[in-house]
Amino acid sequence: MLRLLIDQDLDHVILRALLLRVQNLDVITAHQAGLSNASDPELLAWAAEQERVVITHDRRTMPYHATSRIARAEKIAGIIIVSRQLPVSRVIDDLEIIVSCSDMVEWENIVKHLPL
């Protein structure tokens with residue numbers, strides 16, 4: 001099962017639904033981690049150290065910073081970028097499957113966009 005870091009911009013309806021659907025979900029929000037005002041590079045560095053896949057709506061700057069880290073041979077634990085255009089129910093369904101059926105090693109240095 002994936003360990004998650006929820007970016008400050010993610011719709012928390014998604015988080016609440018995941019918590020209801022996925023037993024023993026290992027998740028922390030950027031706010032809980034003290035990262036509410038962190039830059040993307042700081043958030044990615046923390047997530048990599050803590051081995052947590054980042055879930056975010058930020059499709060503009062987060063992929064750039066993630067690929068920059070990878071190019072510098074600095075790992076990321078993985079990023080799932082969620083389109084705001086998708087119905088929330090679809091996002092929740094997709095994330096439930098991804099989180100429940102994936103292992104952390106499958107996401108190292110991976111940037112994926114929903115829908116897959």
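Reader: What is the handedness of the crossing where α1 passes α4?
Author: The crossing is right-handed, meaning that the near helix is turned clockwise from the far one by less than a right angle. Helices (H or I, at least four residues) and strands (E, at least two) are DSSP runs, numbered from the N terminus.

Reader: What kind of model is this?
Author: This is a predicted model, in which local features need pLDDT of at least 70 and side-chain atom pairs count only at pLDDT 80 or more, while totals for chains, interfaces and linings use all residues. Residues are numbered from 1 along each chain as its sequence is written, and side-chain values use heavy atoms, leaving out hydrogens and water.

Reader: At roughly what angle do the axes of α1 and α4 cross?
Author: The axes of α1 (residues 12-21) and α4 (residues 88-101) cross at roughly 45° and come within 10 Å. Axes are lines fitted to C-alpha atoms, for helices over the stretch in contact, with angles from 0 to 180 degrees between N-to-C directions.

Reader: Which residues of α1 meet α4?
Author: Val13, Ile14, Ala17, Leu18 and Arg21 of α1 meet α4 residues including Val91 and Leu95; contact means heavy atoms within 4.5 Å.

Reader: Changing topic, where does Glu51 lie?
Author: Glu51 lies in the loop between α2 (40-50) and β3 (53-56). Although Glu51 is not a glycine, its phi is positive, about 55°.

Reader: And what joins Leu114 and Pro115?
Author: A cis peptide bond joins them, with omega about 5°. Pro115 is found in the segment after β5 (111-114).
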